[in-house]
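Please keep the sequence and the structure in view while reading.

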Amino acid sequence: MDDIFGVKMFTSKYSVPNDIDKRITKLNLNTKINHAYIEFLKQYNVIILNDEAEIDYCINCDGEALPLEVIFGFSKKDTEDLLAINDSYLDRIPENYLAIASLNYGDLLCLSPKGKIYHWDHEVNDLYFDMKGGYLEQNTNLKLVANDIDALLAMITRTEVEDDYDPDEDDYNNPNIPFPDDTLDSFIEYPKRISIIPENRLAIYLKKMELSEKGREVLTKLREQGVII
């Protein structure tokens, strides 16, 4: 599938499984309402859209361009797998909604029971715990993005990332400069941060960790925990 610039945008990371029909059945989709999405899953299996350092693939949501990261499929990697992702977000996204893609560094695109696609904003729609009164009432008012999967795919635009130079940010993402100790400590304290880092940036972070003895120790611990492979 080509984008408006004539560039090959959608390429599957993996081959479509031979038992694709069986796997799709596990998603409990209404086959009539979600026919287009089901056909999409039969053609593509995991699309990575955040692996180009200077390119973002964005959708427009209320006038804001949000960068897409991964369109989920069926994978042994939990951060790419439809079943694993939706199991981990159970009760965090509205009931009977299906998370189908990640975007904007922690957000999701969700397929509703009526086949429309909504933006789940982790800063607005996630469950939040209040130390005094337990979980706060969840905001399930998700923003509509597209009426179906075809409309979603048609609205994706390829955008060159602006080079806004920031010395601190530049050093943080420079693969030839090791992380400071406090940053490495934060990866140990909050290991799940790693799972939401875009793949192109994760490669840089792993290389930075290799540059120091403490960084290599952190890498070993994260691998032992199964956070990274």
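Is Tyr37 buried or exposed? Tyr37 is buried, with a relative accessible area of 2%. The model is predicted, and the points below are grouped by topic.

**Aromatic pairs**

- The model holds 7 aromatic pairs.
- One of them joins Tyr37 and Phe40, whose rings are stacked at 6.4 Å centre to centre with 15 degrees between the planes.
- Both residues of this pair belong to helix α2 (residues 35-43), where Tyr37 and Phe40 are 3 residues apart, about one turn of the helix.
- An α-helix has 3.6 residues a turn, so residues three or four places apart point the same way.
- Phe40 is buried too, as its relative accessible area of 5% falls under the 20% cut-off.
- Tyr37 and Phe40 are linked with Tyr44 by ring pairs, and the three form a cluster.

**A charge over a ring**

- Lys208 places its charged end over the ring of Phe179.
- The distance from that charged end to the centre of the Phe179 ring is 4.8 Å.

- Helix α6 spans residues 181-189, and its buried residues are Thr183, Leu184, Ser186 and Phe187.
- These four lie on the same side of α6 because they cover an arc of only 155 degrees around the axis.
- Asp182 and Glu189 are exposed, and they sit on the face of α6 turned away from its buried side.

Terms used: Residues numbered from 1 in each chain as written. Predicted model: local features only at pLDDT ≥ 70, side-chain atom pairs only at ≥ 80, totals over all residues. Heavy atoms only, no water. Phe/Tyr/Trp six-rings, centres within 6.5 Å; stacked < 30°, edge-to-face > 60°. Helix = DSSP H or I, 4+ residues; strand = E, 2+ residues; numbered from the N terminus. Buried < 20%, exposed > 50% of the residue type's maximum accessible area, 1.4 Å probe, protein only. Lys NZ or Arg CZ within 6 Å of the ring centre and 35° of its normal. Arc of directions from axis to C-beta.
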